[in-house]
Amino acid sequence: MRVPRSKIAFIQDYQQETDMQRQNEEHPVTDPVCGMELSHKSAVDEATYQGKTYYFCAQTCCEAFVADPKKYVRQHRQHGMKPG
Ligand SMILES: [Zn+2]
(Lines give C-alpha, C1' and ligand atoms only; values in the text may rest on other atoms or scores of the structure.)
Protein backbone atom coordinates (compact mmCIF):
# COMPACT_ATOMS: atom_id res chain seq x y z
CA MET A 1 0.00 0.00 0.00
CA ARG A 2 1.37 3.40 -0.97
CA VAL A 3 1.04 6.46 1.17
CA PRO A 4 -0.96 9.18 -0.59
CA ARG A 5 0.74 12.52 -1.14
CA SER A 6 -1.62 14.40 1.13
CA LYS A 7 -0.69 12.17 4.04
CA ILE A 8 3.05 12.85 3.55
CA ALA A 9 2.37 16.59 3.57
CA PHE A 10 0.48 16.19 6.83
CA ILE A 11 3.40 14.37 8.44
CA GLN A 12 5.79 17.14 7.34
CA ASP A 13 3.49 19.77 8.80
CA TYR A 14 3.37 17.87 12.05
CA GLN A 15 7.16 17.70 12.26
CA GLN A 16 7.45 21.44 11.67
CA GLU A 17 4.95 22.05 14.42
CA THR A 18 6.90 20.03 16.97
CA ASP A 19 10.09 21.83 15.92
CA MET A 20 8.40 25.15 16.64
CA GLN A 21 7.21 23.91 20.01
CA ARG A 22 10.75 22.92 20.83
CA GLN A 23 12.00 26.40 20.00
CA ASN A 24 9.37 27.94 22.21
CA GLU A 25 10.40 25.72 25.07
CA GLU A 26 14.06 26.46 24.61
CA HIS A 27 15.78 28.08 27.53
CA PRO A 28 19.25 27.75 28.97
CA VAL A 29 19.90 24.67 31.07
CA THR A 30 22.93 23.84 33.15
CA ASP A 31 24.93 20.68 32.82
CA PRO A 32 24.88 19.50 36.46
CA VAL A 33 28.19 17.67 36.10
CA CYS A 34 30.51 20.33 34.69
CA GLY A 35 28.30 23.39 35.25
CA MET A 36 28.31 24.42 31.61
CA GLU A 37 25.33 26.34 30.29
CA LEU A 38 23.74 24.91 27.19
CA SER A 39 20.45 24.87 25.35
CA HIS A 40 18.27 21.87 24.70
CA LYS A 41 19.49 21.94 21.13
CA SER A 42 23.18 21.86 21.93
CA ALA A 43 22.75 19.18 24.59
CA VAL A 44 24.41 15.96 23.51
CA ASP A 45 22.70 13.73 26.03
CA GLU A 46 19.96 13.81 28.63
CA ALA A 47 18.89 11.84 31.65
CA THR A 48 15.82 11.85 33.86
CA TYR A 49 16.24 11.77 37.62
CA GLN A 50 13.38 12.07 40.13
CA GLY A 51 11.05 13.23 37.37
CA LYS A 52 13.33 15.99 36.20
CA THR A 53 15.26 15.99 32.96
CA TYR A 54 18.89 17.01 32.97
CA TYR A 55 20.91 17.91 29.91
CA PHE A 56 24.58 17.31 29.28
CA CYS A 57 27.26 18.80 27.05
CA ALA A 58 28.86 15.40 26.53
CA GLN A 59 28.05 11.75 26.89
CA THR A 60 30.78 11.42 29.52
CA CYS A 61 28.97 14.01 31.66
CA CYS A 62 25.72 12.06 31.29
CA GLU A 63 27.42 8.82 32.27
CA ALA A 64 28.97 10.42 35.35
CA PHE A 65 25.56 11.78 36.36
CA VAL A 66 23.74 8.48 35.86
CA ALA A 67 26.42 6.68 37.88
CA ASP A 68 25.80 8.92 40.91
CA PRO A 69 22.99 11.49 40.45
CA LYS A 70 22.93 12.49 44.13
CA LYS A 71 26.45 13.80 43.78
CA TYR A 72 25.36 16.37 41.22
CA VAL A 73 21.79 17.28 42.14
CA ARG A 74 21.71 20.10 44.65
CA GLN A 75 19.10 19.84 47.32
CA HIS A 76 16.99 22.88 48.06
CA ARG A 77 17.63 22.86 51.78
CA GLN A 78 21.34 23.30 51.15
CA HIS A 79 20.75 26.42 49.11
CA GLY A 80 22.65 29.41 50.40
CA MET A 81 24.49 27.44 53.04
CA LYS A 82 28.24 27.39 52.93
CA PRO A 83 29.89 24.10 53.85
CA GLY A 84 32.04 24.35 56.92
ZN1 LIG B 1 29.30 18.68 30.80
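**Note on a predicted model**

1. Arginine 74 is exposed, with 8 other C-beta atoms within 10 Å. Arginine 74 is found in the segment after helix 3. Between arginine 74 and proline 32 there are 42 residues of sequence separation, and their C-alpha atoms are 8.8 Å apart in space.

2. Basis of the note. This is a predicted model, in which local features need pLDDT of at least 70 and side-chain atom pairs count only at pLDDT 80 or more, while totals for chains, interfaces and linings use all residues. Residues are numbered from 1 along each chain as its sequence is written.

3. Confidence. The pLDDT is the predictor's confidence in each residue, from 0 to 100. The protein averages 80, and 58% of the residues score at least 70. Among the elements, helix 2 has the highest mean pLDDT (97), and helix 1 (residues 5-25) has the lowest (62).

4. Layout. The protein has 3 helices and 4 strands. These are DSSP runs numbered from the N terminus, helices being H or I of at least four residues and strands being E of at least two. Along the sequence the pattern reads α-β-β-β-β-α-α. Of the 84 residues, 10% count as buried. Two residues are in contact if their C-beta atoms, placed from the backbone, lie within 7 Å. Among contacts between residues at least 6 apart in sequence, 26% join residues at least 24 apart.

5. Strand 3 (residues 45-49) pairs with strand 4 in the antiparallel sense, over 5 bridges; two strands pair if DSSP finds at least two bridges between them. Tyrosine 49 has lysine 52 in strand 4 as its bridge partner, and threonine 48 stands opposite threonine 53 in strand 4. The hairpin has 2 residues between the strands.

6. Glutamine 50. This residue sits in the loop between strand 3 and strand 4. Most residues other than glycine have a negative phi. Glutamine 50 is not a glycine, yet its phi is positive, at about 50°. With 8 C-beta neighbours inside 10 Å, glutamine 50 counts as exposed.

7. The core. Which residues make up the largest nonpolar core? There are 6 residues in all: Tyr54, Tyr55, Phe56, Cys61, Cys62 and Phe65. Strand 4 (52-56) and helix 2 (59-67) are the elements that give two or more residues to this core. The term covers a set of buried Ala, Val, Leu, Ile, Met, Phe, Trp, Tyr and Cys residues joined through C-beta atoms within 7 Å. In soluble globular proteins, nonpolar side chains tend to be buried together.

8. The two sides of helix 2. Cys61, Cys62 and Phe65 are buried in helix 2. They lie on the same side of helix 2 because they cover an arc of only 100° around the axis, the arc being that of the directions from the helix axis to the C-beta atoms. Gln59 and Ala67, on the other side of helix 2, are exposed. Strand 3, strand 4 and helix 3 (69-72) are included in what covers the buried residues of helix 2. Leaving out residues up to four places away in sequence, cysteine 61 touches Asp31, Val33, Cys34 and Phe56.

9. Aspartate 45. This residue lies in strand 3 and is partly exposed, with 17 other C-beta atoms within 10 Å. Phe56, Gln59 and Cys62 are touched by aspartate 45, not counting residues up to four places away in sequence. Aspartate 45 and tyrosine 55 are 10 residues apart in sequence, with a C-alpha to C-alpha distance of 6.0 Å.

10. Valine 29. Where does valine 29 lie? Valine 29 is in strand 1 (residues 29-30), and with 18 C-beta neighbours inside 10 Å it counts as partly exposed. Not counting residues up to four places away in sequence, valine 29 touches Leu38, Ser39, His40 and Tyr55. The C-alpha atoms of valine 29 and alanine 43 are separated by 9.0 Å, the two residues being 14 residues apart along the chain.

Terms used: A residue is buried if 20 or more other C-beta atoms lie within 10 Å of its own, exposed if 12 or fewer, and partly exposed in between; C-beta atoms are placed from the backbone.
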